[in-house]
There are 2 protein chains.
Amino acid sequence: MSSTTSREALMQELEEAMRRSSAQGVMYGQAVANMAGISNSDMECMDILHLEGRVTAGRLAEVTGLTTGAITGVVDRLEKAGYVRRERDASDRRKVFISVVEEKAAEIGKFYVPMQDAMLKLWSGYSDDELRLLLRFANDGYKGVLEATEALKAVIDMPPEQRAELKMPPKSRR
Amino acid sequence: MSSTTSREALMQELEEAMRRSSAQGVMYGQAVANMAGISNSDMECMDILHLEGRVTAGRLAEVTGLTTGAITGVVDRLEKAGYVRRERDASDRRKVFISVVEEKAAEIGKFYVPMQDAMLKLWSGYSDDELRLLLRFANDGYKGVLEATEALKAVIDMPPEQRAELKMPPKSRR
DNA sequence: GCCTTATATCTCATTTACTAAGATAATTAG
DNA sequence: CTAATTATCTTAGTAAATGAGATATAAGGC
């Protein structure tokens, strides 16, 4: 077996493994939402708020792919439950910024303890150099997924006949 | 700064990076579901089918956390759209196995092309040894997340007073 | 300053998806 | 053979999403 083939087999295994673990990560998030008593959409918005900080209602709609009407509902529920606050922008009074109420959000954070424990345990088996590689990979991977998301959205705007020309990449067909 | 502190900082960065990229991965999946014209739940079930192969309706309910009634709806929609087939188990005629119709499912697979391209591009910047480390990490990570999911579900069954004792892990508070 | 167009969020009627409870049907245990 | 169990489906009611349009603010042209 050539080294090229082995590298391709490796990549295929890698794809499968990443797909598997990311699917399981989704399940974990759903379980957390369940326990916190909020919907998946609500949970996703909390995640975005954690990552991006104070964002507008419109940005939540853009990122989640929900309509602005649906976001109004999400924010209503989260605000009523005390997880977030609406804050009108003083300089542009059309905008509504959503910000997390940290004390209340910490209650949700508790449900991530089993996950954090598992990750700490996992990472303890790796050297500093190895962790640095993983960090580099995670950061590069984020950029890659971000680009891919943009590329996918570009497909949405393609005329159907051009869209049909999309092909699987050369050797990774299943 | 001690090397311990640096390692902890590294882990914290790693946690943030993984969280970020996995959140983006979720968005990507949603965009795919949107383009394929199916709901997130339907998409999730397709993913499970891809990973586990032929599974029963009950297993889908168990894994997704949806009720069996909701799964009936999911499978109805997917079957009507031609993505899956219902097959009654010959040896236990109560069971209904769901299996993917590969030719039709390939249409969804197309939407993963931008993601696969991005990953191939990303991985091309790593050596075989590095990719092997990533594979090991992804596999270990999957096991970790799986365990964490079980641990979390155990919390569900805890009496409230015991549940309240859950604490953040020593040094990773934010 | 007014009028038009653009932007940001919210409202509301309708549609879609989910839950809870229980019906149906097949299997297993006594 | 009957009772208890398991697996899926059905149905009524509820929750969340969409699509269209209302409201309110901002920005640009004249």
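How many nonpolar, polar and charged residues does the surface near DNA strand C have? This predicted model gives 4 nonpolar, 9 polar and 7 charged residues.

**View 1. The protein surface near DNA strand C.** Helices α3 and α4 (68-80) of chain A each supply at least two residues of this surface, and so does α4 (68-80) of chain B. Sugar and phosphate make up 69% of the atoms of DNA strand C that come within 4 Å of the protein.

**View 2. Contacts to phosphate oxygens of DNA strand C.** A polar backbone atom of A:Gly58 is 2.6 Å from a phosphate oxygen. For A:Ala57, a backbone N or O atom lies 3.3 Å from a phosphate oxygen. A:Arg86 uses its side chain: a polar atom there lies 2.9 Å from a phosphate oxygen.

**View 3. Helix α3 of chain A.** This helix covers residues 57-64. A:Leu60, A:Ala61, A:Val63 and A:Thr64 are buried. A:Gly65 follows the helix, with a positive phi near 85°.

**View 4. The largest nonpolar core.** This core holds 98 residues. A:Ile38, A:Met46, A:Val84, A:Ile108, B:Ile38 and B:Ile108 touch the most other members. Leaving aside residues up to four places away in sequence, A:Ile38 touches A:Ala33, A:Met43, A:Met46, A:Leu78, A:Tyr83 and A:Ile108.

**View 5. Chains A and B superposed.** A rotation of 180° with 0.0 Å of shift along its axis places chain A on chain B, with an RMSD of 0.1 Å. This is the relation of a two-fold axis. Both copies use the same surface: 100% of the contact residues of chain A recur in chain B.

Definitions and conventions:
Residues are numbered from 1 along each chain as its sequence is written. Chains are lettered from A and ligands numbered from 1 in the order in which they are written. This is a predicted model: local features need pLDDT of at least 70, side-chain atom pairs count only at pLDDT 80 or more; totals for chains, interfaces and linings use all residues. Side-chain values use heavy atoms; hydrogens and water are left out. Buried means under 20% relative accessible area, exposed over 50%, partly exposed in between (1.4 Å probe, protein chains only). Helices (H or I, at least four residues) and strands (E, at least two) are DSSP runs, numbered from the N terminus. Copies are superposed by least squares on the C-alpha atoms of residues with pLDDT of at least 70 in both. Contact means heavy atoms within 4.5 Å. A nonpolar core is a set of buried Ala, Val, Leu, Ile, Met, Phe, Trp, Tyr and Cys residues joined through side-chain atoms within 4.5 Å. A residue is near a molecule or strand if one of its heavy atoms lies within 4 Å of it. A polar contact is a pair of N or O atoms within 3.5 Å; within protein, one must be able to donate a hydrogen and the other to accept it, and residues adjacent in sequence count only if both atoms are side-chain atoms. Ala, Val, Leu, Ile, Met, Phe, Trp, Tyr, Cys and Pro count as nonpolar, Asp, Glu, Lys and Arg as charged, and the others, Gly among them, as polar.
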